Amino acid sequence: MKNLFTNLKGDLFGGITAGIVALPLALAFGVSSGLGPSAGLYGAIFISFFAALFGGTNTQISGPTAPMTAVSMVVIAGIIAINDGSIEKALPAILVIFLLAGLMQIALGLIGVGKYIRYIPYPVVSGFMTAIGVIILVTQILPAIGYYPKEDEAFVEQFKPHAEEIILDNILKEEAGEGILVLENFEETIRRAKDITDEDMLKEARTLAKTEASGVIGSIKILPRALQNISWIEVILALSTIIIIYGFKRITTAIPSALVALIVVSGVAYGFGLDYRPIEEIPSGFPLPNFEIFTEFKLSSITPYFFTALTLALLGAIDSLLTSVVADNMTKTKHNPNKELVGQGIGNSIGAIFGGIPGAGATIRTVVNINAGGKTKLSGMVAGLLLLIILLSLGPVASQIPAAVLAGILVTVGIGVMDYKGLKAIPSMPKDLKLGPLKLSSEVVIMLVVLVLSSVWNLVYAVGVGLVIASLMFMKQMGDLTAERSDVKTLGKEKGWSDEANFPKNLIEEVYIKHLKGPLFFGSTNEFQALADQIPETASYVIIRLDRMQYMDQSGLYAMEDVLQELNKNKVTVLFVDLQRQPRYMMERIDIIPDFIPEEHIFETFQECTTWIKEHVKDKYQ
């Protein structure tokens, strides 16, 4: 904090520039999320300010991002659907989940998880980011052509029978909750059913229509109908926005092209009085905290969404820390990952209380800030304050922005967020996975699984599935590698290690040597357990060389116990050479040492072991 004003001019210019870049994206992400443009703006204001103030990356600019918005969109749509399509009813639950995600980020930072985020496999991140791009692109087709399913009367009409069924089912559930038996008091059920109005039916049908056309699958299913109801004005506005964003970048990058497109296309549409659909009205005045999330919503009700909140927290952590690495490379500094998570968590928590969507460190905005001269936390705080000033002074003006313009901006975001580096690498990746006659790259399989599942199923579960598959494949590869490098050989039949050259030739039949290279863990236990079957009948001693086995997990420990028990039963004496500290500690805990391997059978060097062999082993064939 003491260095907050050491670069005042650069931080002011950097923060203002980053805030200008953030404005159209904040509005677009808010609309895309389903909570409206104000939610995106609120999120950008509070996350940018507080994540900068408390975070661990001086030049980071935070706010709503494409990945965070995509996951938030799924959360919001799901909760609205179970609340009769009412955002007002669903809002407390939604914001509690966002608040919980922020608190989880704080906890992750405090317990030091930040430094481990970098171990998330790249194929999982790559598949997820490309899926985000696909989701944004596909879901923005409908607003870009001016089609809104819940406003298509003929389409909504199809859902009225289902809407009636749902409403009646809700009445029965209400009566069950009140202890009313339908068969004994059927008149009460009829009375309540008569209170259902056409407006109630229409509202529920519109919710069902919107849900049916949501997501990638829904958007694709409804596309043929949407193409028959195109609003050409909306199409022209969206295409004009996209053309200006990409075209203006060729002229200059000093001014954010998305902002230019927003101002120019919106100005033309409003100035010429075109018949377009504006975004939702942005409330004027300072954002007010939503205390309903504390007073009216029971925290016990969010248990089903705990994993979703955790996913938001982890995704925000990954998103932010990847941006922090970019900032480090540009500024030649080093961020504090755990402090950064705490800052992001505080920003997201406060943003949720004020009704904002969650966010993370934003790479493009951070790069813009650094290039414009930002060097300290002040730049991120200035960006948040600028957005607040815009909200207070230009809220009514921003409410006139065409929805198609924001759809056009999001299309460019979707194109830009895809991981083209990972996609281009697909043909060149080594094919290390065999599926029957097919040879595939395990990393490509992981990326495609995450991409497909994220796009058509569930973002949250797709990441979990990807991590599980990546872990299983990693374990298999490590097990195969360990087994390949862990030689089982009889001295004399294969070339031994250099210090085995002087081993008595006359004892080769009586002594069997096992070389372990690499860790003995659950991925390599099968090969090790085959040791007892590989020992020739002539051998009564086994030397296990352990100097290159520095780690043993619990699976490896019990595999070792099983092998030693089998050898002991077969009257085979086992000798350890150069036993490392961690494996020794593990074996002492369950008394492998000294029950199966007494101290006198553990040697520091192979030379010491050879001396013992010469003294205690006799040649059976002399």
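Let's start at strand S8, which runs parallel to strand S9 (residues 602–603) and is joined to S9 by two bridges. Keep in mind that this is a predicted model. To find the spot, look for Val577, whose bridge partner in S9 is Phe603.

S8 itself covers residues 573–577, and four of its five residues are buried, so this strand counts as mostly covered. S8 also pairs with strand S7 (residues 541–548), here in the parallel sense over five bridges. Tyr541 is a handy landmark, with Thr573 as its bridge partner in S8. Between S7 and S8 the chain passes through helix H25 (residues 554–569), giving a right-handed β-α-β crossover.

Now for the helices. H1 (residues 8–33) and H19 (residues 403–417) cross at roughly 100°, and their axes come within 9 Å. That angle makes H1 roughly perpendicular to H19. On the H1 side the contact includes Pro24, Leu25 and Phe29, and on the H19 side Leu406, Ile409, Leu410 and Val413. By residue type, this contact has ten nonpolar, one polar and no charged residues.

The other pair is H3 (residues 66–81) with H15 (residues 306–331), packed at an angle of about 170° with axes 10 Å apart. H3 is therefore roughly antiparallel to H15. Pro67, Met68, Val71, Ser72 and Val75 from H3 meet Thr308, Leu312, Leu315, Gly316 and Asp319 from H15. Sorted by type, the residues of this contact come out as six nonpolar, three polar and one charged.

Key: Residues are numbered from 1 along each chain as its sequence is written. This is a predicted model: local features need pLDDT of at least 70, side-chain atom pairs count only at pLDDT 80 or more; totals for chains, interfaces and linings use all residues. Side-chain values use heavy atoms; hydrogens and water are left out. Axes are lines fitted to C-alpha atoms, for helices over the stretch in contact, and angles run from 0 to 180 degrees between N-to-C directions. Angles under 35 degrees count as roughly parallel, over 145 as roughly antiparallel, 65 to 115 as roughly perpendicular and the rest as oblique. Contact means heavy atoms within 4.5 Å. Ala, Val, Leu, Ile, Met, Phe, Trp, Tyr, Cys and Pro count as nonpolar, Asp, Glu, Lys and Arg as charged, and the others, Gly among them, as polar. Buried means under 20% relative accessible area, exposed over 50%, partly exposed in between (1.4 Å probe, protein chains only). Two strands pair if DSSP finds at least two bridges between them. A crossover is right-handed if, with the strands pointing away from the viewer, the path from the first strand over the helix to the second runs clockwise.
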